[in-house]
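Here is a short briefing on one protein chain. Please have the sequence and the structure open as you read.

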Amino acid sequence: MKKIIIASAIIATAALGSAAHAADGTIFFTGSLQSQTCTIDVNGTVTPAIATVTLPTVSTGKLAAAGQTTGRTGFIIGLRNCTGPATSAAAFFESGSTVDLTSGNLNTTTGTGTARNVQLQLVDASNGAVIRAGNVSQNTGTTKVALDASGNASLPYAVQYYATGVTTAGTVNSSVTYSINYL
């Protein structure tokens, strides 16, 4: 008898618990795919090859306190011979293992001989705005560049050292993955 009462109590609790959860609404998701094709390069290195942007060697004295930046170095993501319906484009710098999710800056490699308390910060070279890698704010805050009549565009960006504290001397290396948003 006790087993029946316990079983009935469990069933009643489960029924009441599920009754407390009701659907409050529906979310509709929408998107678009385009048959856009372009030859993409970074400073002339055509993808899928990995491009390297070399920042200048700078003194740790220029990065003596958190928030200081120096060594801004420009790079161009080039789009060539694009075909498809897009009329403009911008890069979207993806989140990944090198991205500091709080700041959107790029963490640098660690180990013997590497600098400490430094990140790399991406910048929209068209408007000077800091780009937070992995953050959707790039969709509205990054400059969209028009494709010319031949389907070409040069998307200007920059990278700079960013101090997270008093820096120490050493090598600074990081990387980021990007995608092209066609508009």
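Ser137 is partly exposed, because its relative accessible area is 35%. Partly exposed lies between buried, under 20% relative accessible area, and exposed, over 50% (1.4 Å probe, protein chains only). This is a predicted model, where local features need pLDDT of at least 70, side-chain atom pairs count only at pLDDT 80 or more, and totals for chains, interfaces and linings use all residues. Residues are numbered from 1 along each chain as its sequence is written, and side-chain values use heavy atoms, with hydrogens and water left out.

**Around Ser137**
- Ser137 sits in the loop between strand S7 (130-131) and helix H2 (138-141).
- Its C-alpha atom is separated by 9.8 Å from that of Phe92, 45 residues apart along the chain.

**Overall make-up**
- The protein chain has two helices and ten strands. Helices (H or I, at least four residues) and strands (E, at least two) are DSSP runs, numbered from the N terminus.
- Read from the N terminus, the order of elements is α-β-β-β-β-β-β-β-α-β-β-β.
- The chain has 183 residues, and 31% of them count as buried.
- Its accessible surface comes to about 11000 Å². Carbon and sulfur atoms hold 58% of that surface. Accessible areas come from the Shrake-Rupley method with a 1.4 Å probe; for residues, only the protein chains shown count as cover.
- Among contacts with a separation of 6 or more, 78% join residues 24 or more positions apart. Contact means heavy atoms within 4.5 Å.

**Nonpolar core**
- The largest nonpolar core has 30 residues. Such a core is a set of buried Ala, Val, Leu, Ile, Met, Phe, Trp, Tyr and Cys residues joined through side-chain atoms within 4.5 Å.
- Ile77, Leu79, Phe93 and Tyr157 have the most contacts inside this core.
- Strands S1 (37-42), S3 (69-83), S4 (88-93), S6 and S9 (153-168) each supply at least two of its residues.
- S9 gives the largest share of this core, six residues.
- Leaving out residues up to four places away in sequence, Tyr157 touches a set of residues including Phe75, Ile77, Phe93, Val123 and Ile131.

**Gln121**
- Gln121 lies in strand S6 (residues 116-124).
- Gln121 counts as buried because its relative accessibility is 7%.
- The side chains of Gln121 and Gln160 form a polar contact of 2.7 Å. A polar contact is a pair of N or O atoms within 3.5 Å; within protein, one must be able to donate a hydrogen and the other to accept it, and residues adjacent in sequence count only if both atoms are side-chain atoms.
- Beyond its neighbours within four places in sequence, Gln121 is in contact with residues including Thr69, Asn105, Val130 and Tyr162.
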